[in-house]
There are 2 protein chains.
Amino acid sequence: MPVNHRITLAERPVNRPVQPTDFRLEEAPIPVPATGEVLLRTLYLSLDPYMRGRMSEAKSYAQPVQIGEVMIGETVSEVVASNDPTFVPGDTVLGRTGWQEYAALPAKGLIKVDGKAAPLSYYLGVLGMPGMTGYFALLDIGQPKPGETVLVSAAAGAVGQVVGQIAKLKGCRVIGIAGGADKCAYVTKDLGFDAAIDYRGKDATALSAEIAALAPNGVDVYFDNVGGAIHDAAMMNVALRARIIICGAVAIYDKLETQDTGARWMRTILAKRARMEGFLVFDYDPRRAEFLADMSAWLRGGLVHYREDVTEGLARAPEAFIGMLAGKNLGKQLIHVADPSGS
Amino acid sequence: MPVNHRITLAERPVNRPVQPTDFRLEEAPIPVPATGEVLLRTLYLSLDPYMRGRMSEAKSYAQPVQIGEVMIGETVSEVVASNDPTFVPGDTVLGRTGWQEYAALPAKGLIKVDGKAAPLSYYLGVLGMPGMTGYFALLDIGQPKPGETVLVSAAAGAVGQVVGQIAKLKGCRVIGIAGGADKCAYVTKDLGFDAAIDYRGKDATALSAEIAALAPNGVDVYFDNVGGAIHDAAMMNVALRARIIICGAVAIYDKLETQDTGARWMRTILAKRARMEGFLVFDYDPRRAEFLADMSAWLRGGLVHYREDVTEGLARAPEAFIGMLAGKNLGKQLIHVADPSGS
């Protein structure tokens, strides 16, 4: 009889990196869907940096995962049993079932996805939350104009690669910041960024000098996925009326319980009349169709490229997650949990 | 024969408060206007916090005053001789003649002001740069909506008093932060703010608790004239989608040469999807008429009140300026230099 393998939060990483013992692999009975619910079997699990934040008790926009609870996460799943007229077995859906093989969820809130229109895994990346983040944050908050210089950190990440490519489509000059020569080569050679900076082993002053050399007229849009020293280096180079999108803070995730301190850029913000704004993709759920239409067309037309880094098997999720936080993946990090039953 | 008394920058205050010996009172010949220029006699000199910034060599939006140069400043002056068809002797104008009794300036760039429509000194305050700053920064960047909570620091200052009163006109709940019981009473009793917080002797945590008690649903618009601990206290209380206007940084003016360090609020900005934006009034010069029409009507209708703190004689400008930076004035700080010749 099949069981539900699932991974729970065993311990909170407090002011330190995540380690494998922070997670526990458990077996549980396969849940039974109530009326209005469906039983889902996970096909792909998305691993995303924001999950580090949810392992912490620090106050943020969402509730933390509790000790002993299944780790949260977006998945593409197959409906294996349905107690709701909206879905039939075999349907594939986007849901938030977390790090487990099976889940029973209310049908309401699940989004049908079409494996014929695009690979199912894409709905967790370029056609999903990271893609939508890059799309709306860049276009709505960044408001990039042709000829402007766009700087994006974590450039080879799931969000960063989308941001840079859309900025190129909008006629901008794009500089990516990434860790290591492979990622820098990926964003310039494969994705068409104009330049890339390898941040490894460099402090804010050194990074600032590299940005200044590549963007002598300053940075018009800074898409901040990381915070920390890279943020400082970007702030040293903002152009008049720069837009700074605060989208992530990977660099400070290991100190979530501590107030981040360091250089404050109020005088720069004032003198440059810069705008700094926070972005959360959930606010844009009502505009998902708009994003899907554009991004699907760009993918079909070969205008946007997309790369995944797929790890096999739910049990390896902790290892893959820790690797991703350390920047070891190249492309969107996914866990392949199972194949659709029809395949 | 009359001479031109003027006050020059003698020494830069580097990481310390301004002191009287940073200035030098000099005598110079009265300048002779060239073709296209007018000779101006200063009636009122405005003293404003931004002047502290211009005494520093630290990079900002404008060139610093050089050692030996006349201190910069806005004035209302009388035309005493004109080599330009636009002006005749007796005209009163707004100009940037600085801390001196006479100046010869190109007619272009001077703005005629009407002493019958409003007291001449008002064009340096509620009808001038500080009023225009409060008006456009609050309305354009702050975008206050009825029922929202607006928090303004340096609330009794030339900008702050305008901000709070306009916010009240727009139907907001307004909390002012000011130094001392007199100023707090002024903004609540005379200007109609809903509440005031005396920041003296309190750290960011204590200030945050007072803000939280007065704004249990958070601060929707924070108008930041000061930076430092008050900024931190405000950031601890921002509501979802708060707008933070970075307009001044009086609290850190004595450390202009040092990078301001302290708590960084990236995670708050992200979680609250807050927007932080710098404001410089010069950008709004083309929209001056719009401001003047509204503000003049509000003053005439008794909807906006305005208070000045006038010091007699140019020689006392350094003392008045140092007092203003320490918050000793109540109302817009002016120097009355001379009366119009007709009066």
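How many salt bridges does the structure hold over all chains? The count is 38, where a salt bridge means a side-chain nitrogen of Lys or Arg within 4 Å of a carboxyl oxygen of Asp or Glu.

Before I go through some of them, a word on conventions. This is a predicted model, in which local features need pLDDT of at least 70 and side-chain atom pairs count only at pLDDT 80 or more, while totals for chains, interfaces and linings use all residues. Residues are numbered from 1 along each chain as its sequence is written, chains are lettered from A and ligands numbered from 1 in the order in which they are written, and side-chain values use heavy atoms, with hydrogens and water left out.

Let me begin inside chain A. A:Asp91 and A:Lys112 form a salt bridge through their side chains, at 3.7 Å from N to O. Because A:Asp91 sits in the loop between β4 (75-82) and β5 (92-95) and A:Lys112 in strand β7 (residues 111-112), this pair ties together parts of chain A that are 21 residues apart in sequence; helices (H or I, at least four residues) and strands (E, at least two) are DSSP runs, numbered from the N terminus. A:Asp91 counts as buried, at 16% relative accessibility, whereas A:Lys112 is partly exposed at 49%, the classes being buried under 20% relative accessible area, exposed over 50% and partly exposed in between, with a 1.4 Å probe and protein chains only.

A second pair is A:Arg243 with A:Glu148, whose closest N and O atoms are 2.5 Å apart. Here strand β12 (residues 238-246), which holds A:Arg243, is tied to the loop between α2 (129-142) and β8 (149-153), which holds A:Glu148, so the parts joined are 95 residues apart in sequence. A:Arg243 is buried at 9% relative accessibility, and A:Glu148 is buried at 12%. Also in chain A, a network of salt bridges links A:Asp140, A:Arg287 and A:Glu290.

Now to the interface, where chain B and chain A bury about 3,400 Å² between them, 52% of it on carbon and sulfur atoms; buried area is the accessible area (1.4 Å probe) that two parts lose on being put together, summed over both. Of the area that chain B buries against chain A, 25% is supplied by B:Arg264, B:Arg267 and B:Leu270, more than any other three residues. The contact, meaning heavy atoms within 4.5 Å, takes 35 residues from chain B and 35 from chain A.

Which salt bridges cross between the chains? The rule finds ten across this interface, among them B:Asp260 with A:Arg264, at 3.3 Å between the closest N and O atoms. Another salt bridge brings together A:Asp283 and B:Arg241, at 2.6 Å from N to O. A:Asp283 lies in the loop between β14 (275-278) and α8 (288-300) of chain A and B:Arg241 in strand β12 (residues 238-246) of chain B, so this pair joins two chains. Both partners are partly exposed, A:Asp283 with a relative accessible area of 29% and B:Arg241 with 38%.
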